[in-house]
Amino acid sequence: MGSFVQTLVLLTVVGSAITTPLVNELQPGKEWPARNSVKQPYNYESQEVTELSIQETSTDYGNVNDDENEAVAIVPKAISLAKEEPQKVDYSGAQVWQVSTKKSGSRAVLARLKRRNLISTWGGNQTMVDVLVRQEALPNVTRIFRRENMDFEIVIDDLQKRINEENPPLDANEIELQDRRGHRMTWKQYHRLEDIHGFMDYLAKTYPTIVSVNTIGKSFEGRNLKVLRISNGKSANKAVFIDGGIHAREWISPATVTYFINQFAENFDVESDDIKNIDWYFLPVVNPDGYEYTHVTDRLWRKNRKPGYGSRLCTGTDLNRNFGYRWGGKGASNSPCSEIYRGSKAFSEPESQAVSDFIKNSAANFSAYITYHSYGQYLLYPWGYDNALPPDHKDLESLGRKMAEAIISTGGTNYQVGSSSGLLYPAAGGSDDWAKSQGIKYTYTIELRDTGRHGFVLPTSYIEPVARESLAGLRVLASQVNKE
């Protein structure tokens with residue numbers, strides 16, 4: 001009976017997603033794609049649900065920048081869709097280590113530890129990797145590191161303590177300011193999806209001559225994928241598409257993108273012509289299901305929340321391995337339990353498909369695409385799928401360096417500039433590579449602060465400094481777009 005009830009709950013959720021129409025919340029006269037010209041992004045009826053498991057068995061936390069990315073669970077889960085109050089994943093006593101990989105064989109050691117579920121990876125580059133070590137694994141991993149003579153530094157000594165301190169509640173003055181302002185966004189706190197979408201709707205109502213909001217599709221669990229457009233309506237304008245929140249745990253990304261929205265909308269009359277004469281399209285949260293999951297269940301969840309099928313019943317696809325240019329290549333896993341799982345096929349996920357459909361069907365003249373991630377402080381351009389460069393890589397490098405100069409002059413923060421595969425490691429199926437393949441010239445992935453001291457658990461005190469310096473870089477890009 002329990003299995004029948006769970007299946008009924010799932011089919012009810014899926015059925016509601018099928019019948020939900022594409023919402024269009026445009027102000028009259030706005031030059032968005034005509035109603036229903038953007039296809040619904042996911043055909044639920046084509047999928048079999050008979051093998052779907054409600055129980056989530058495992059997840060994997062990234063790769064070690066090599067081909068050994070088939071590791072499975074490091075954090076066991078037993079969360080049912082039937083439960084109203086899922087238990088939060090506890091990271092008490094877990095540590096984050098920054099490990100040097102300069103020593104020959106060190107990456108192979110990390111890969112073995114990962115396959116044994118003793119570590120998971122956060123970030124890294126060609127000379128170091130940040131690894132998460134659960135409390136119960138600390139003695140074993142410490143012993144192996146000493147035996148292998150591997151260098152490391154403990155950068156977070158109790159991860160749960162950092163998580164508890166990361167996003168404190170607002171004080172009374174900030175709450176009062178929210179009430180006066182008419183929306184709850186503050187940039188002194190990481191906000192839930194409801195606050196972000198409410199803020200976007202507020203701006204559309206408050207500034208209807210320049211701001212409009214459109215829902216371009218639905219996530220797997222039926223949440224809106226909301227895009228906000230800021231435009232003066234000039235037909236000759238070029239367009240820039242900016243997104244955030246592809247990876248659920250990277251909270252600084254949606255916070256930064258919503259900061260841009262606020263600055264442009266609230267100050268449009270006094271903005272430069274470079275800003276005014278561009279049609280800006282913002283999608284702050286590409287992965288709303290995963291983003292909400294990080295707030296209520298697992299702070300370090302990365303993927304979306306579409307359940308897997310078949311024998312390995314793990315949840316989620318890495319949306320930044322699911323885009324359709326060179327899909328399935330290096331740095332993308334075919335294991336559903338991997339944190340870098342590429343999906344069953346290119347654009348198998350409703351979220352990535354919605355972005356693709358919108359950009360491809362839009363009449364906007366997109367000249368730039370920027371996707372904000374964390375962490376590492378990198379300004380990356382294609383290609384990511386392999387160690388190769390596009391024909392106009394010198395233009396991308398030049399503009400990237402100018403943006404990095406603006407960032408460091410504003411906030412003192414150094415960003416490295418280079419191709420994704422050259423500066424970091426190959427990762428096929430990324431949204432930036434796909435956007436570049438669509439003919440969008442200035443395409444960048446920007447990895448925001450920091451370089452590992454806080455990693456994904458960046459305190460709220462960093463939101464405004466990160467967003468301000470990032471805005472300085474964005475203004476440089478706007479100037480270049482207007483010159484061409």
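**A walk through a predicted protein chain**

The accessible surface of the protein chain comes to about 19,100 Å², and carbon and sulfur atoms account for 47% of that area. Keep in mind as you look around that this is a predicted model. Turning from the surface to the inside, 60% of the 484 residues in the chain are buried.

Next, let us see how the chain is arranged. You can find 14 helices and 12 strands in it. Now take the contacts between residues at least 6 apart in sequence: 76% of them join residues at least 24 apart.

A disulfide is a covalent bond between the sulfur atoms of two cysteines. The structure holds 1 disulfide, and the residues it joins are cysteine 314 and cysteine 337, with 1.9 Å from S to S. The link between cysteine 314 and cysteine 337 is right-handed, with 70° about the S-S bond. Where do cysteine 314 and cysteine 337 sit along the chain? Both lie in the loop between helix H9 (288-296) and helix H10 (350-361), so the pair ties together parts that are 23 residues apart in sequence. Cysteine 314 and cysteine 337 are both buried.

Now for the rings. Across the whole structure, a search finds 26 aromatic pairs. One of them is formed by phenylalanine 145 and phenylalanine 152, an edge-to-face pair with 5.3 Å centre to centre and 80° between the planes. The planes count as edge-to-face because the cut-off for that label is over 60 degrees. Are these two partners buried or exposed? Phenylalanine 145 counts as buried, at 1% relative accessibility, while phenylalanine 152 is partly exposed, with a relative accessible area of 32%.

Tryptophan 251 and tyrosine 291 also form an edge-to-face pair, 6.5 Å centre to centre with 65° between the planes. This pair links distant parts of the chain, 40 residues apart: tryptophan 251 is in the loop between strand E7 (238-244) and helix H7 (252-266), and tyrosine 291 is in helix H9. Both tryptophan 251 and tyrosine 291 are buried.

Rings can also gather in groups. Phe241, Tyr281, Phe358, Phe366 and Tyr369 make up one aromatic cluster.

Our last stop is arginine 305. Over which rings does the charged end of arginine 305 sit? One is the ring of tyrosine 293, whose centre is 3.6 Å from that charged end. The charged end of arginine 305 also sits over the ring of tryptophan 301, 4.6 Å from its centre.

Note on methods: Residues numbered from 1 in each chain as written. Predicted model: local features only at pLDDT ≥ 70, side-chain atom pairs only at ≥ 80, totals over all residues. Heavy atoms only, no water. Disulfide = S-S within 2.5 Å. Helix = DSSP H or I, 4+ residues; strand = E, 2+ residues; numbered from the N terminus. Buried < 20%, exposed > 50% of the residue type's maximum accessible area, 1.4 Å probe, protein only. Contact = heavy atoms within 4.5 Å. Areas by Shrake-Rupley, 256 points an atom, 1.4 Å probe, with all protein chains shown as cover. Phe/Tyr/Trp six-rings, centres within 6.5 Å; stacked < 30°, edge-to-face > 60°. Lys NZ or Arg CZ within 6 Å of the ring centre and 35° of its normal.
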